[in-house]
Structures are given as C-alpha cells and as structure tokens.
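Hello,

Here is the structure we talked about, with my notes below it. Please have a look at the coordinates before you read on.

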Number of protein chains: 2
Amino acid sequence: MSWENNVRRVTPYVPGEQPKRKDIIKLNTNENPYPPAPAVQQVLREFSVDTLRKYPDPTVGALTKALSENYCVPEDQIFVGVGSDDVLAMSFMTFFHGDKPILFPDITYSFYDVWAEEFEIPYETKPLREDFTICRDDYMCENGGIVIPNPNAPTGIEARRDELEMIIASNPDSVVIIDEAYVDFGAETTLPLIEKYDNLLVVMTFSKSRSLAGSRIGFAMGSKKLIGYLQDVKYSFNSYTMDSVTSAIGCAALSDPKYFLETCEKIVETREWTKKELHALGFSFPDSRTNFIFAKHECWDAARLFEDLKEAGIYVRYFNKPRIDQYLRISIGTMEEMQQLVAFLQDYKQV
Amino acid sequence: MSWENNVRRVTPYVPGEQPKRKDIIKLNTNENPYPPAPAVQQVLREFSVDTLRKYPDPTVGALTKALSENYCVPEDQIFVGVGSDDVLAMSFMTFFHGDKPILFPDITYSFYDVWAEEFEIPYETKPLREDFTICRDDYMCENGGIVIPNPNAPTGIEARRDELEMIIASNPDSVVIIDEAYVDFGAETTLPLIEKYDNLLVVMTFSKSRSLAGSRIGFAMGSKKLIGYLQDVKYSFNSYTMDSVTSAIGCAALSDPKYFLETCEKIVETREWTKKELHALGFSFPDSRTNFIFAKHECWDAARLFEDLKEAGIYVRYFNKPRIDQYLRISIGTMEEMQQLVAFLQDYKQV
C-alpha cells in the first residue's frame, strides 16, 4: 500500500512544440501570425495595477457583456473559460456524466480522448469516411453525448450545416458540443441553432482568429439551462478562473471588429495562395476552412519531411497516428513565411 | 429521458460578495489592502503585446524558476496553477481517487466539501475542539487523504508544527495537503518537511500576501513524484492554464522580496492593533496568524452586526453554519480602514 494507490493515472495530451529558438518559422500550433488588436496594447498600458489586489469579478461580467453584444446572445447563455480547452474540459465534466459512451470522430482534436480518460467517461470514436468527411448516420445511435469540431481538426474540413443540425435534432437526450475553434476562417457557425435546440453547446476561442493564444480565453454559448449547469460545475472547481487583466484584454479584442475581420481575411487569402502552391508541388489536401492545411505529398514521406523542415527551421505538426501518418498539418503564417515554406519545398528532394 | 440525465449536478461554492460600490470598506474576502509590488506595474507597461498571439509556455517555466529560487525548491517539485483554488481542485482530482474517505476539519475552508462533491470523493469531517484547534488523533485513522489549512480558515489558528508532522508521518498511504494560503502573515510553513515526506503537498497563493488576488496565481510544492502526477492530470485538463501576462506578473512580484516582507509586516501590525481594540470592545477570538480575525461579541448577534456593518458600508464575512454562526470573519485592511471599523463599533448598539 502507498499513497500512489489513490492517484488518478492519466496519459496527458501533448501540445505542439513551443521551441525557444527565435529564428524559426512556426507553423505548428495554428497560432495567428498577426498581433492582437491595437486596443489590447492600450489595455496593458493603462490597466490600473492597484486593482489586482482584489479578486476579479467571478462572473467575468464585462467580457460576458461584450461577447453578448458581439454575438447577439443573452449574457446568461454565455460561459467564459481559460481557453477553449478549459471550456471543453468543464463541459465534458458537466454534460458527459452518464454511463453510455460519448461519440466523436476517430480523426479529430486529440484532446477529446484525453478528457474522456481523465474524467473516466466511456467513449467510442466514429471513423471518418475515406475523404475525411463526417458520416452523419454514425451519430444516430444511442450515446451519452457527442462532440464534433467544425471545421474538424486536423483535417480542416467543414461539415454541412444541415447534417450537423440533423445530428443535434436526432439526439435530444444528449448534449452535442460543436467545437468551433476555427470557424472564423470561412466556415459557417451553428450558433443560430442554439435558439432551436437546448442540447447544443457551441464552443469558440480567442486563440486563433483573435490572435490571443497567450491570453487563454475561450467561451461557450447554448441554452440558459445548459450554461447554468456549466456555471455550477465551474463554480465548484474554481470561483475565479479569469484574471482581471485577461478579462480586460478580451474586451479590448472584441472592441475592434474591423481589425478582426481584416486579419481573418488576410489569413484566408494566404491560405488560398498556399493551397495553389502546395497543389503545384504535388500535395493533396482536404479543402480547408481553417488557418491550417492538412497536406499529403504524392511521394515524400511525411515523417521525414517533418524532420527535414524542422532542420531548416520550419516547424509544422506531424501526428504519428493510423490513417494520418502521411499528412502534415501546416498552420497559415504570414505571406512571407508561406513563401519561404514554398521556396524550401521547391528545392526539396527525398531519396 | 433528457440530456439532463447525464449532467453532473453540484451545489457550487459561494465566494464572498464582490460589491460594485466603490465607497465601501471591503473586509470580506481577505484581500490585501496594499497594491502589488511596483515591478508588476512595470511588467504591464512593458509587456510585448505581439507575443500574445503565441501560446504561453505550457510549463510556466519562468515563474517556476522564480519560485524555485525564492523557496529553494527544485523546479520539478513545483506546480503552478490559476490561483490556489485551481491547484487544490487539481490536487483533489489527482490524489484523492481512492474509495476511502478523505478527512478535513468540520470548520475550515468551505471549498473542500464542494470539491469532494464535485469529484465524487467520499469524505468525513473531523470536529475541531471547542477552542477551534485541530485534534491530531482524529487524523490517525484509515483514510483516503487529508487536507488541513495552516493557519486554518476562517479561525485563523496555526496548528503546532510537530502535530502536523505527526499527521503527515502517520499517514504514508495518503497524500496530506497542507493549505498555506495565509502562512506569510506570521505562521511557520511546513515546506521543509517535503524533503522528508513524499506524501506532503504544500499549497500557497499569490492572492493574499502578494496582493495579486486579481491575477490568479497559486502553487504547490512537494516530492518530485507527487508533482509529476499532478502535472499529468493538469496536462490532461488544459495544457496552457497560465496566460503569458500573468506569468510575467508573478515573476515581477517575486522579484521584490523587500516589498513583500514590508507589506506582510504592516498587515501583522494592523492586525495586532485591531485585536487589542476588538478585545476592548467585548469581542473574543482565537489568536489569528492570518490577515483576518474571526471574532465573536459577548452580547451582539453576529448576523445582525453583519447586516448593520454592511448598511454602514463595511463588508465583512458571515457564515451561517453550526458552531460559527455567532462569529464574523474580518479581513485586515489598512490602519485607516480598521480605525473606521473600530469607530463604528464604539458607537454601535444592539437592542
């Protein structure tokens, strides 16, 4: 016997590398290549430091109000967390507390099975079709909950909205989480459906489209009832998760919709340019609606290419997993960064 | 059947009120009345906002290094979280995963039973003695883990170090968490014991003594093995919990030990002054080693006094719970604030 017998043992999620080297092209964690909105800088310069001695607003009221105005969703239908990972972890804890297995695609965000293991939630993965699209009928069986990212990661593919709606409508006894981390890069949000289905939770993040991965801001929107349960579990975990500075940063980012749209557009343009170039170089990939491309070369081995790129100071993401071990996930950087990537690939040989 | 059948239902912790009114004397949430170290201001003014587009260091390396130097504890024996509530929640999840009940005092931090309920951990509370001291022998039975705050809250009483050591030494099969949120106001830390006992986890926070409740920084120190398990559970929950700005704020606060000590000393002085005044006014209280006093008046009803103080713009904390429903927990503010409290009480009458 030892205290170790009482320990929860888990195999943690491994995030993409955060190398300390400065001279690299970092296309491995889907970060935004552009800085956050200028108003964020102003917030940091003007923040009243003395107020930090006090606890933050536990309701994250100001940020919730700003989100409410931005998305036209009532404040009591919004939940704010420390990044969308925090929101998703809390949601798994809250809504997937039954005995039946929860469902998610076999190829998807690799944190879902980690949360399921952590919270001891039974789960089943549903294989994507050969072309990596989601098969709607797979989610029409008995289950304890459903989580689907839209667009999916790491494939970048957007699901058809009517198919997602059928999944949500056919599962009134399960909470369906649509993880829209990448939705702002040209996909259609399921957000309007929260008015119609009280079992739908839509999760979004400031990490990608709002250039604030370093600030850890995520949020979820859903029916008042759904958000109420989520708040209860959150308040039973930590009353004050969002620090005062971050909350102010979030408000600042939301205050500049023009900058937000322009940044997203630039990334979409760069993505479309990169698609053409990669295609010409012999890569194939699903049609991405995100800030990354999930690409496979007609002859080059992905693991070797991954290492060779790294050697050249270009970091992308490689998943050594069944069905996708010949793909690389390449985040969209600035046009200059993508040009450098393309230039490297034009000279690249694999013997 | 409905999706609500799969929901985890909890009764959340209720934190002390955070009133929006500005003209009040806020002595209800044990906040520090002094601002954070001046270096914190500088960090906010100089922070490179562009870096926020990138994910923070998942290991919170810089802050961990600063803590390591400050407390002379190796980096791999330190865990950093979003406030000590986050650290404690993660610790409950990680270390209290057995079938036997965990133990904690009946009068203590009111979040312990909330976490136990949230994570479905069986628990037993052990009654404090009549004088609110901890009875060591209560913790010598079979158990699945132990959590004791030292000094205890809301009593403010410091346990004898040799008694705590006996509890830790007698329970090699359980993790013993000593929650030292208030230790910097004149109590003795159990930190040196982590070298001797691999089942001891010492938890501290920046919220009280470092004037950073608004920033959410907590940390735990213990054996390498203990911290390893805690990290695994944390990385299975959220890879990046500490945002980049907060991490830099934490480092700045640690960089000024002189300011830290002076602030703590001022609060201790004010506390000792307040004790004398309250005593003269007919209050009795255990000898507090914290930044609050847990006081009971010889004739005034606590609930009424609480309301009357609030009416006068002085917020303290009242717990309507067995054994302590005639006590008020009064945080130590500035000398001026405590003088105003005392002046109010000198004129106070309860008929």
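Chain A superposes on chain B by a rotation of 180° with 0.0 Å of shift along the axis, at an RMSD of 0.0 Å. That is how a two-fold axis relates its copies. Within chain A, Arg45(A) has the C-alpha nearest the axis, at 2.3 Å. Please keep in mind that this is a predicted model.

On the contact between the chains: 73 residues of chain A touch 73 residues of chain B. Five elements of chain A give two or more residues each to this side, namely α1 (38-46), α3 (83-95), α4 (112-118), α6 (224-235) and α7 (244-254). The largest share comes from α3(A), with seven residues. By class, the side of chain A that touches chain B has 34 nonpolar, 25 polar and 14 charged residues. Of the interface residues of chain A, 100% are also interface residues in chain B, so the two copies meet through the same surface.

I also looked at one helix pair inside chain A. Helix α2 (residues 61-71) packs against α7(A) at an angle of about 20°, and the two axes are 8 Å apart. Angles under 35 degrees count as roughly parallel, and α2(A) and α7(A) are therefore roughly parallel to each other. The crossing of α2(A) past α7(A) is left-handed. From α2(A), the contact uses Ala62(A), Leu63(A), Ala66(A), Leu67(A) and Asn70(A); from α7(A), it uses Ser247(A), Gly250(A), Cys251(A) and Leu254(A).

Regards

Methods: Residues are numbered from 1 along each chain as its sequence is written. Chains are lettered from A and ligands numbered from 1 in the order in which they are written. This is a predicted model: local features need pLDDT of at least 70, side-chain atom pairs count only at pLDDT 80 or more; totals for chains, interfaces and linings use all residues. Two residues are in contact if their C-beta atoms, placed from the backbone, lie within 7 Å. Helices (H or I, at least four residues) and strands (E, at least two) are DSSP runs, numbered from the N terminus. Ala, Val, Leu, Ile, Met, Phe, Trp, Tyr, Cys and Pro count as nonpolar, Asp, Glu, Lys and Arg as charged, and the others, Gly among them, as polar. Copies are superposed by least squares on the C-alpha atoms of residues with pLDDT of at least 70 in both. Axes are lines fitted to C-alpha atoms, for helices over the stretch in contact, and angles run from 0 to 180 degrees between N-to-C directions. Angles under 35 degrees count as roughly parallel, over 145 as roughly antiparallel, 65 to 115 as roughly perpendicular and the rest as oblique. A crossing is left-handed if the near helix is turned anticlockwise from the far one by less than a right angle, and right-handed if clockwise.
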